[in-house]
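Hello,

Here is the structure I promised to pass on. Please have it open while you read my notes below.

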Amino acid sequence: ATAATASFSRPIPISGDSMPEFRPLSFYIEGSRSASAAVHPLSEIPGLDTRLQHALHDLGYTSVEQVARWGRADVRAVSAILGVDQGVIEGTWIASARSLLSVL
């Protein structure tokens, strides 16, 4: 019997309506959408203007707690989608979110 092999040499065309919906990693973690999510809104994070807050809401991120839990995959995805430098996301947004939570 011959083993089936997959060919990854051809990119899969993705456009417009066929584009898969982006979901933050926290979406897939059971219990990530808790009642406490509304307690600390994104507006508490310095450097997040209204436009960025709305964009993050559209991606499913609504709280300081979610941003504080971001990992490398979240940082890369948000950076690519919003066009924000990864250093700003890690050094300002995540650091501020974690700092806010440690004080609260």
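At roughly what angle do the axes of helix 3 and helix 4 cross? The answer is roughly 120°, and the axes come within 9 Å. Axes here are lines fitted to C-alpha atoms, for helices over the stretch in contact, with angles from 0 to 180 degrees between N-to-C directions. Helix 3 covers residues 72-82 and helix 4 covers residues 86-103. Helices are DSSP runs (H or I, at least four residues), numbered from the N terminus.

That angle makes helix 3 oblique to helix 4 (under 35 degrees is roughly parallel, over 145 roughly antiparallel, 65 to 115 roughly perpendicular, the rest oblique). Helix 3 contributes Arg72, Val75, Arg76, Val78, Ser79 and Leu82 to the contact. Helix 4 contributes Gln86, Ile89, Glu90, Trp93 and Ile94. Contact means heavy atoms within 4.5 Å.

Now serine 79, in helix 3. Serine 79 counts as buried because its relative accessibility is 13% (buried is under 20% relative accessible area, exposed over 50%, partly exposed in between; 1.4 Å probe, protein chains only). Leaving aside neighbours within four places in sequence, serine 79 touches Val84, Asp85, Gln86 and Ile89.

A word on confidence. The model is predicted; local features need pLDDT of at least 70, side-chain atom pairs count only at pLDDT 80 or more, and totals for chains, interfaces and linings use all residues. Residues are numbered from 1 along each chain as its sequence is written, and side-chain values use heavy atoms, without hydrogens and water. The protein averages a pLDDT (the predictor's confidence in each residue, from 0 to 100) of 78, and 62% of the residues score at least 70. Over residues 32-38 the pLDDT is below 50. Where pLDDT is low, the predicted coordinates should not be read in detail.

Best wishes

Conventions. Helices (H or I, at least four residues) and strands (E, at least two) are DSSP runs, numbered from the N terminus.
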